[in-house]
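Hi there,

Here is the structure I promised to send you. Have a look at it first, and then read my notes below.

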Amino acid sequence: MARVLGTSIKRREDPALITGRGKYTDDLKAEGMAHAAIVRSPYAHARIRGIDTSAAEALPGVLAVLTARDVAAAGIPGVVPVGWLLPDLKTPAHPMIAADTVRHVGDAVAVVVAEDRYIARDAADRVAVDYEPLDAVADVVAALEDGAPAVHEEAPGNVAFDWEIGEREPVDAAFASAAHTVELDLRNNRLIPHAIEPRAVLASYDSSTGEMTIHMTSQNPHVHRLLMTLASLGMPEHKVRIVAPEVGGGFGSKIHHYADEAIVGLCSMKLDRPVKWTATRTETNLTDAHGRDHSTRCALALDADGRITGLRVDTAAAMGAYLSTFAPAVPTYLYGTLMSGQYDIPAIHCHVTGVFTHTTPVDAYRGAGRPEATYVVERLMHLAGDATGLGPVEVRRRNFVSPDAFPYQTQVALAYDSGNYGPAMDRALEMIGYDDLRGEQASRRDNGAKQIGIGFSSYIEACGLAPSAVVGSLGAQAGQWESADVRVHPTASVTVYTGSSSHGQGHETTFSQIVADRLGIEPEAVEVIHGDTDLVQFGMGTYGSRSAAVGGSAIAKSVDKIIEKGKKIAAHLLEASAEDLEYEDGSFRVAGSPDRALGLGDVALQAYLAHNYPDDLEPGLSATSFYDPANFTYPFGTHVCVVEVDTETGTIELLRYAAVDDVGNVINPMIVDGQLHGGLAQGIGQALWENAVYDESGQLVSGSLMDYAVPKIHNLIPFELDRTTTPCPHNPLGVKGVGEAGAIASPAAVVNAVVDALSPFGIDHIDMPLTPEKVWRAVNS
Amino acid sequence: MYPAQFDYRRAGSVTEALSLLQENEDAKLMAGGHSLIPMMKLRLAQPPVVIDIGRLDELKGISEAGGSVRVGSLTTHADIAASDVLAAHCPVLAEAAGHIGDAQVRNRGTIGGNIAHADPGSDIPPVLVLLGASVHLQSPSGTRSVAAGDFFQDLLMTDVGEDEILTHVEAPALGAGTGAAYLKFEHPASGYAVVGAAASVTVQNGRCTGAGLVVGGVSATPTAVDVSSLVGTDLSDDAIAAAASGLDAEDPIGDIFASGDYRVHVGKVYGKRALAAARDRA
Ligand SMILES: Cc1cc2nc3c(=O)[nH]c(=O)nc-3n(C[C@H](O)[C@H](O)[C@H](O)COP(=O)(O)OP(=O)(O)OC[C@H]3O[C@@H](n4cnc5c(N)ncnc54)[C@H](O)[C@@H]3O)c2cc1C
C-alpha cells in the first residue's frame with residue numbers, strides 16, 4: 001500500500017464547512033433556550049456604587065438579571081482562576097462578575113437573560129450602573145511608574161511577578177569586554193486574536209439530573225471543564241459535560257477560561273433552562289485575551305570576529321487587569337527560554353516584569369512568547385550585522401549553533417534536541433536570488449523615492465507543549481501530556497478518541513493519516529473523535545503547536561500497543577508465539593513463514609468474537625495512551641522578506657516573502673503550507689497593520705474592525721515556501737509542529753526589511769506596526 | 001451588534017416611499033443597507049421605521065444623453081464599475097466605484113446611499129465634486145437639483161431634506177482631450193479612503209486648458225484644490241507638483257492610523273499623482 005504519511009490528501013473537514021453544514025456553537029438550538037446579554041463596564045477603572053436592574057427586569061421577555069450579588073447568593077466559588085503559576089506570583093481574585101470595582105472596559109458587571117437576544121440586548125442597555133470613575137493606567141510602562149493608579153491592592157506597583165532566567169554576571173562581563181554592542185528599545189504591539197467565529201456558549205442545566213452540558217468555543221474542553229467546575233461554578237466534574245462543536249479559529253483566544261462562559265452556566269443553573277450567549281464583535285475585541293504588549297530594552301555584545309558573547313533582555317510584559325489562564329507562562333517559560341535563538345550564546349540574562357494594567361487581560365496568542373523572543377533576537381541580529389560590518393547573513397551564519405553540537409544546552413534552560421540551521425539559510429538565499437536583489441537595491445539607492453529592503457529572520461521555536469520534565473524544572477506545577485484512545489472495531493475500521501480538539505487545523509485528516517500509515521489501512525477507515533468530555537478520556541487540547549507532536553504521538557503509541565495486542569491474538573489464532581509475529585501492511589505474519597498470516601480484519605473480528613482465549617489474553621482491540629513528551633520540539637527556519645518603501649508617503653509594499661521551515665517530518669504538506677500561510681498573514685499583520693490601542697483613560701480606540709486592521713487577502717502576496725527536514729529525534733513520528741512558525745518568524749523579517757530599505761536615512765528601528773505615517777515621520781525626522 | 005426594535009416597510013414606488021417618509025417620523029430610507037445597517041447594529045442609528053427602497057427599478061440605471069451621464073440613485077457600485085456607458089463617457093466615476101470595499105459591498109451598495117451617507121472616506125463624493133455633477137432630489141412638493149459641491153455639508157451631513165429621496169446624479173461627460181483619474185490611499189482596516197484624489201485635466205495642442213483636483217478623506221467634505229495655475233502650462237511634473245501642493249485643509253480629520261497633518265501630506269502626493277495620471281490619459 002502506498003504510504004499516506006507525507007501526502008496532501010484533502011481535508012475531510014472541508015465538505016461540511018464549505019457547504020455551510022458545519023455546526024458551530026451559535027448554530028445550536030435547545031428546547032426552551034433563552035439568551036444572555038452581558039452588561040459591561042464602559043470605564044477602565046471605576047467603583048460600582050450601585051446597580052439598578054429594575055428597568056431591565058420590567059421589560060417584557062426578560063427572565064432574569066444577575067449581578068455579583070447573585071453569584072455570592074448561589075454559594076459558588078465564582079472566580080476565574082489563573083492556571084499557570086510562577087514563584088511569588090500575585091494572584092488577585094478575578095470575580096466572574098465584578099462586585100465593587102471594574103478594572104477594564106468590558107469587565108462584566110451584570111447579565112440579562114431574556115426570551116430572545118434582541119430583548120436581552122435592549123434590557124442590558126437598561127441596567128443602570130452607578131459608577132464612580134477612577135484613574136486608570138493602560139500603558140505597560142506607565143503602570144510601573146511611581147504613583148501609577150493601582151490595578152489591585154495586592155500587587156504593589158502593579159507588579160504581578162518579577163522573573164528572570166540566565167545569569168547576570170557573565171552577561172555584564174561580556175558587555176564589559178565586547179568589541180561591538182548593539183542595543184534597542186522596542187515595543188511589541190498588543191494584538192487582538194480575531195478568530196472569525198466569536199466566542200459562544202450554550203449552557204444547558206437540567207435540575208432533574210443535576211447535569212450540565214455546555215457547548216462552547218473551546219480549544220481544550222477538559223481544561224475548561226476543570227476550571228469551570230473547580231473555580232467558577234463549583235459543580236461536581238462528573239456532572240458537567242463540555243462539547244466543542246465546530247470551532248471557527250482560536251489562535252489561543254479559546255484556550256482560556258473566561259468569566260462569560262461561567263456566567264452563562266450560572267444563568268442556566270438559576271433558570272433551569274438552556275441559555276445561549278454569543279459575543280458580538282465588539283465584545284470579542286474587548287474580552288478575548290489579547291496578545292503580546294511588551295516593552296523591552298535589549299542589547300547584544302559581540303567580539304571582534306562578530307561572535308556573540310552576551311545577550312541582555314529586560315522586558316515589561318502587560319498582563320492586563322487580571323491574570324488569564326496561561327498568562328504568566330507566556331512572557332516567561334515561552335519567552336525567556338527562547339532567547340538563544342539559533343545561536344551559540346555563552347551568556348544570556350533575561351528579566352521580565354509582569355505588569356497589571358487597566359486593560360483586557362493578555363494571554364497566549366499564536367506563537368505566545370516565541371514571536372516576542374524571536375523579534376528581540378532577530379532585530380538585534382540585524383543591528384549586529386550592521387555594527388560588525390558582516391551584514392545580516394554572515395553575522396547569523398557565524399553564530400549558528402553548529403550541526404554537530406546537538407543536543408545543545410542553551411543558557412536559558414532549553415536543550416535543543418536537533419537542528420541544522422545553515423541549509424535553511426542557504427536555501428532561502430537561493431530562492432530569493434539574494435545577490436541580484438542586493439544589486440537592485442544598490443542601483444536604487446541614489447535615485448527615486450522607492451527604496452527596497454531585504455530582511456531576515458532565522459527563528460527557533462519550542463513546540464509541543466509541554467514536557468513535564470522541562471517545564472517542571474522551571475517551576476510550572478503541571479505538564480502537558482496528551483491522551484489517545486484508539487479502538488479497532490470488529491470490522492477493522494478504527495475510531496480514535498483524542499484529547500487534541502481541533503478548531504480548524506485539520507486534525508481529523510492528519511490523525512487519520514497517522515493511524516492509517518501505522519496500521520496499513522486506508523485513512524477513510526479511521527474516524528477521529530475530539531472535543532467532547534463525555535467521549536474523550538481527558539485531553540489538554542490544541543495550542544502551542546502541540547497536536548501532532550504530542551497528540552499525534554499519543555495516537556502512535558496507542559496504535560503500537562494495538563499491534564502488540566494484535567500479535568498476541570494472532571499468535572493464539574495461528575498457534576504461534578507472539579514474539580515470532582511481525583506486523584506489516586495490515587497483516588500479522590509469522591516471521592519466516594509467509595503463508596502463516598492473518599489480516600488485521602481477521603484479528604479484529606476474532607478480538608471481539610473471542611470465546612476460547614487463554615486466561616492471559618483479554619478480548620477487544622483497543623488501547624489508551626497518555627504521552628508526556630521527553631522534550632519540546634524545536635522547529636526552525638530562515639525567512640526572507642523583500643519590501644519596497646515609498647519614502648514619499650511611507651507606504652510599504654511587500655515584494656517577496658520566502659520561508660524555509662524545518663518542521664520535522666511532514667504528515668500532510670498541504671496542511672503544513674496552510675498553517676504557514678495563516679501564521680505568516682498574522683505575523684505580517686503584526687508588523688504592518690495590527691495594533692490594539694488604548695487611550696490614556698483606558699478606552700480601546702481600535703475596538704472595531706474599522707480601526708483594527710487584520711490582514712486581508714489583497715494585502716498579501718503569494719508566499720514562496722520550502723522546507724528542510726530534520727526529524728525530531730525523541731517522538732515516534734519525528735514531527736515538530738508548524739502552527740505558529742509563520743507568526744513567530746515573520747514580524748522580524750518584515751521590520752528588518754523595512755529598516756534595511758531605510759538605512760540611507762539613518763533609521764535603525766521603527767516600532768510595529770509600521771504604519772505609513774510612522775515610516776514617513778521617521779524618514780522626515 | 002443587535003439593532004434596536006424597528007418596523008420594516010417596503011416601498012413599491014417612489015411616490016409610496018415619499019408618503020411613507022411623511023407618515024413616519026424619523027424613518028430612514030434603506031437602499032443597499034451597507035451603511036445604514038452597520039449604524040443600526042451599533043445602535044448609532046435607531047430609526048423606528050426602515051423604508052426599503054432597494055427594489056425600485058425606476059431609480060436604477062445608467063444612461064448618456066446630450067453630453068451628460070445620468071446615474072440612478074439605486075445603481076450599485078458594481079454596475080457603475082462595469083458600465084460601458086461610463087467607460088465611454090465618464091470612466092473616472094467607474095474607476096472610483098471599482099475601488100469601493102469588496103465585491104459584496106459593491107454588489108449591494110448604491111451610489112445614492114453612498115453620497116447620502118456622506119462618509120468622509122467615501123470614494124464617490126470627490127469624483128462627483130470634481131465632475132461638477134448635480135444631485136437630483138424629489139419630495140412631495142416636487143424635484144430639485146443641487147451641485148455636488150454644495151451637497152456635502154459636513155461629516156455625514158448632506159443637503160437631503162427629511163422628506164426627500166435622492167433620485168439620480170447627473171454629470172457632464174468627459175470631452176475629447178480630457179483625462180481624469182481617481183487614486184485611493186486605502187485604510188488598512190476599513191478599506192475606505194484615507195485619502196482619495198480625483199483629478200482631471202484637459203489638453204489642447206499640448207497645452208492645458210482646464211484642470212481640477214478634489215481630495216477626499218482629508219476633511220469632513222471633499223476638498224477642492226485650486227489648480228488653475230496649470231492652465232496654459234505643458235503639465236510638467238514640477239507644475240503638477242506645485243499645483244497639488246496647494247491642498248489646504250483647515251481642520252483635517254485624523255485617527256489612530258493617520259493624523260490630520262499626514263493626511264494633508266498624502267493628499268498632496270496623491271493629488272500630484274492623480275493629476276499626472278489624468279494628464280497621461282488626456
Ligand atoms: C465592509 C464595507 C466596506 C465599505 N467600503 C467602502 C469604500 O471603500 N468606499 C466607499 O465609498 N464606501 C464603502 N462602503 C460603503 C458603501 O459604499 C455603502 O454601500 C454606501 O456608503 C451606502 O450605500 P447603500 O446603498 O448601502 O445605502 P444604505 O446603507 O441603504 O443607506 C445609507 C444612508 O443613505 C440614505 N439613503 C440611501 N438611499 C437614499 C436615497 N435614494 N435617497 C435618500 N437617502 C438615501 C439612507 O437613509 C441612509 O441614511 C463600505 C461598506 C461596507 C459595509
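This is a predicted model: local features need pLDDT of at least 70, side-chain atom pairs count only at pLDDT 80 or more; totals for chains, interfaces and linings use all residues.

Where the chains meet, 22 residues of chain A are in contact with 14 residues of chain B. On the chain A side, helix 4 (117-126), helix 8 (281-287) and helix 19 (772-779) each supply at least two residues. Helix 4 of chain A gives the most, with four residues. Sorted by class, the side of chain A that touches chain B has nine nonpolar, six polar and seven charged residues.

Chain B is built with eleven helices and 14 strands. Its C-alpha trace spans about 60 × 45 × 30 Å along the principal axes. A compact globule of 282 residues would have a radius of gyration near 19 Å, and the 19 Å of chain B agrees with that. Buried residues make up 51% of chain B.

Now find helix 11 of chain A, residues 421-432. This helix reaches 17 Å from its first C-alpha to its last, close to the 16 Å expected. Which of its residues are buried? They are Y421(A), A424(A), M425(A), A428(A) and I432(A). Seen down the axis of helix 11, these buried residues fall within an arc of 100°, so they line one face of the helix. Their cover includes helix 10 (391-399), helix 12 (434-444) and strand 18 (450-460) of chain A.

Enjoy exploring!

Definitions and conventions. Residues are numbered from 1 along each chain as its sequence is written. Chains are lettered from A and ligands numbered from 1 in the order in which they are written. Two residues are in contact if their C-beta atoms, placed from the backbone, lie within 7 Å. Ala, Val, Leu, Ile, Met, Phe, Trp, Tyr, Cys and Pro count as nonpolar, Asp, Glu, Lys and Arg as charged, and the others, Gly among them, as polar. The radius of gyration is taken over C-alpha atoms; the globule rule is 2.2 Å times the number of residues to the power 0.38. A residue is buried if 20 or more other C-beta atoms lie within 10 Å of its own, exposed if 12 or fewer, and partly exposed in between; C-beta atoms are placed from the backbone. The expected span of a helix is 1.5 Å times one less than its number of residues. The arc is that of the directions from the helix axis to the C-beta atoms.
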